[in-house]
Amino acid sequence: MIYLDNSATTKPYPEVIDSFSQVAQQFYGNPSSIHSFGLRSERLLNQARKQAAHLIDVDESEIVFTSGGTEGNNMAIKGIAFAHQNRGKHIITSQIEHPSVLETCRSLEEQGFRVTYLPVNNNGVISPIDLEKAITEETILVSIMHVNNELGTIQPIQEVGQIVSKYPKVFFHVDHVQGFGKISLDFYDCLIDLVTISGHKIHGLRGTGILFVKKGTKISPLFHGGEQENKFRAGTENLASIVSMVKAVRLILEQQQIKSDQLRALSNKLKKSLKTINGIMINTPEKHADHIVNISIPGYKPEVIIHALAEKDIFISTKSACSSKQPDESAILVACGFDKEIRNSGLRISLSYENTIEEIEQFCTELQDVLLQLSGIMR
Amino acid sequence: MNYDQILLRYGEIGLKGKNRKIFTNRLHENVVQKLRKYPDIKVKTTRDRIYIFLNGHDPEPIMQECTEIFGIQSLSLAIQVDNDPESIKEAALFALKDADDAKTFKISTKRINKEFPIGSQEFNHVLGGHLLSNTEGYTVDVHNPDIEIHVDIRQQETYLTSKRIWAAGGLPVGSAGKTLLLLSGGIDSPVAGFMTMKRGVQLEAIHFHSPPYTSERAKQKVIDLAERLTNYGSKIKIHVVPFTKLQQKIHREIPNGYSMTVMRRMMMRISEQVAKQNGILSLTTGESLGQVASQTMESMNAINAVTSYPILRPLIAMDKDEIIEISQKVNLYDISIRPYEDCCTIFVPKSPKTKPKADKVAYYESQVDFAADLQEAIDGIEVIEVDPSSRKDEFEDLL
């Protein structure tokens, strides 16, 4: 099998599953139970939080364990919106955010909030000038993703942070789900207040994530009913998942240290090979996160290509898994101003540190094959 | 060119005469111990300062750790160069450019090596001129500079430093012997431990544990407090005394108003024994005069009467808010306020005597035979060694 859909989800590391299994079996005491068996779980939870904080270089009190990217984004955006709506009801985000940001913003619009969706240029990058123009007296939150999930575009987070910091009433949230473990981001340097990280994009398990909430940032919780997670998130802590995810965080950051160059080489090789295949357009801009390459093959239905590759045990995707049930064009490619032909035929190849050069070569050969077979029928 | 060492300046040690070496040796050991996790550094201790050679390590976290070592007054990043005007000029230029946001500067040369051919004043001008002619936008300000570059020309070599960071002061832990701290888990006793450490005292702690009236979490709290305290010194041994039986007996046999006083006296007796067995010469408590019933003059007199050991009370004249301020500053407070009961808050009578009479206490105690229970408590002591450098990987496989 050649798995090239790592931005949809990743294969959990075996060590992660080991941790999960051990903790689930041995540490099933509730960390909030007052007995010593509960205390044992609490100590493990504290140690996990300490290690997570150490790894991403923030304070322990700034780590909130969540169920993943969607919850993190919801918690950050609604949390700020509801806690600070008396100061203003305006939110700024971009047109190319993940559905868990866009749909959350739309739901807030129904509740009387005003949302500005910043446009992007052809490369999928927002303009800091547009952002500055959009900020008003009413603005309470700017939410911009770090790495785009379909295109691999990197947003100028540091610059955005500089701008937002000029307005002390405005909070800054970054959806770092696709960037974490691939492109480093210094939360403090970039003056960010909230950062979403997801576990299953870094070879952790589903249902795990971290929301970084900078010290002193007030958000209203999504869940009520307990004092867990510093009162930000009620509910019995999912200890086995949390511990296994913190292990994934450690492992992915180690991989990032030693394998970034290798991933870049894979990505370059992939783009080079794709360029030699007739009819393939590379949508990902020149400067991008190495693990995501977006292409279009005008004239071919992307679903058909995906299924044909799947028959050969090769897996890639169209757009984000969270929007792939909607028909046709990619909203992100639309926002970037691509032609209809291209935005209707987008395909995403997403790599991990686990992929090899041989896999890339084989993928390109098979893709060429598939196109050849299909060309008689579809064109 | 880069800052390649950290210079640590002594505080009070600098005032020591003949036995200075005892203090500097101890400090050297403490610094080495604390910085063990940075394998490539080298620590060199001289009569009047310590140099840490970074050998490629990032200076920031190391400097942070050094601010928590007692015996160090202040520290600075330093560049070492030869006693040669050209090398010094180059280093000064680096120091100026390296200081972000500095627009004005001042040079202060100290020439210990009088063989260096240029006088201090003159060399200030030479260096200043060199910096001005090789940079743009900087001016000299001798009264209120953004950055002051210190040039220290010593016998063999020259050190350049700029920013000075203040550290914890005090005396090196271990240079003033050992004390046994009565550590309850509240706000005061850990601060008392911190204060004695500041004067060079090494800590062991004693904690009275009364299960099932007090929980494992109360014990954990004490371990966590001790662990925070180890940041300022070496590992800490905690003697955990099983106190339930004695406490129950006191509660049963001693008149209500006097039970608290008797309990405290039992604690003192046990503590003295533990100190004796471990070669420790004093006890330390977090008592502050008048704070609670056990801390009135009369209570202290009655409680103190059972031991001939000196009891150190570093907080005796401090207000609660002053104690809390220190507790917060040294990161003990968030642990201290965890809401678990300790042995001092259970079995508390509604109105303990604030002015217990020593003879009455002695009379009540004489009516009950506590000897066997005391011995049992001492025999049952569990010793927990808190050493963050060896303990922390308990969950390593899982994480």
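Q: At what angle do helix α8 and helix α13 of chain B pack?
A: This is a predicted model, and in it α8 (residues 256–277) and α13 (residues 371–379) of chain B pack at about 50 degrees, with axes 11 Å apart. The two helices α8(B) and α13(B) are therefore oblique to each other.

Q: Which residues make that contact?
A: From α8(B) there are B:Met266, B:Arg269, B:Ile270, B:Gln273 and B:Gln277, and from α13(B) there are B:Leu374, B:Ala377 and B:Ile378. By type, the residues of this contact of α8(B) with α13(B) divide into five nonpolar, two polar and one charged.

Q: And is the crossing of α8(B) and α13(B) left-handed or right-handed?
A: α8(B) passes α13(B) in a right-handed crossing.

Q: How do α7 and α13 of chain B cross?
A: Helix α7 (residues 244–253) of chain B and α13(B) cross at roughly 155 degrees, and their axes come within 9 Å. That makes α7(B) and α13(B) roughly antiparallel to each other.

Q: Which residues meet there, α7(B) against α13(B)?
A: On the α7(B) side, B:Lys245, B:Leu246 and B:Lys249; on the α13(B) side, B:Asp373, B:Leu374, B:Glu376 and B:Ala377. This contact of α7(B) with α13(B) has three nonpolar residues, no polar ones and four charged ones.

Q: OK, sheets now. What is the strand order in the six-strand sheet of chain B?
A: The order is β14-β13-β10-β11-β12-β15, in an open sheet with mixed pairing. β14 (311–312) and β15 (382–386) of chain B are at the edges with a single partner strand each, so one side of each has no neighbour in the sheet.

Q: How many bridges join β12(B) to β15(B)?
A: Five, between β15(B) and strand β12 (residues 236–242) of chain B, and the two run antiparallel. In this pairing B:His239 stands opposite B:Val383 in β15(B).

Q: Which strands does α5 of chain B touch?
A: Helix α5 (residues 188–198) of chain B packs on the sheet and touches β10 (178–182), β11 (202–209), β13 (283–284) and β14 of chain B. The direction of α5(B) makes about 170 degrees with that of β10(B).

Q: Switching to chain A: what order do the seven strands of the open sheet take?
A: They go β2-β8-β7-β6-β5-β3-β4, again with mixed pairing. The edges belong to β2 (63–66) and β4 (114–118) of chain A; each has a single partner strand, so one side is left without a neighbour in the sheet. Neighbouring strands are turned by 20 degrees against each other on average, ignoring direction.

Q: How do β5(A) and β6(A) run, parallel or antiparallel?
A: Strand β5 (residues 139–145) and strand β6 (residues 171–175) of chain A run parallel, joined by five bridges. Here A:Ser143 stands opposite A:His173 in β6(A). Helix α6 (residues 157–165) of chain A lies across both β5 and β6 of chain A, at about 165 degrees to β6(A).

Conventions
Residues are numbered from 1 along each chain as its sequence is written. Chains are lettered from A and ligands numbered from 1 in the order in which they are written. This is a predicted model: local features need pLDDT of at least 70, side-chain atom pairs count only at pLDDT 80 or more; totals for chains, interfaces and linings use all residues. Side-chain values use heavy atoms; hydrogens and water are left out. Axes are lines fitted to C-alpha atoms, for helices over the stretch in contact, and angles run from 0 to 180 degrees between N-to-C directions. Helices (H or I, at least four residues) and strands (E, at least two) are DSSP runs, numbered from the N terminus. Angles under 35 degrees count as roughly parallel, over 145 as roughly antiparallel, 65 to 115 as roughly perpendicular and the rest as oblique. A crossing is left-handed if the near helix is turned anticlockwise from the far one by less than a right angle, and right-handed if clockwise. Contact means heavy atoms within 4.5 Å. Ala, Val, Leu, Ile, Met, Phe, Trp, Tyr, Cys and Pro count as nonpolar, Asp, Glu, Lys and Arg as charged, and the others, Gly among them, as polar. Two strands pair if DSSP finds at least two bridges between them.
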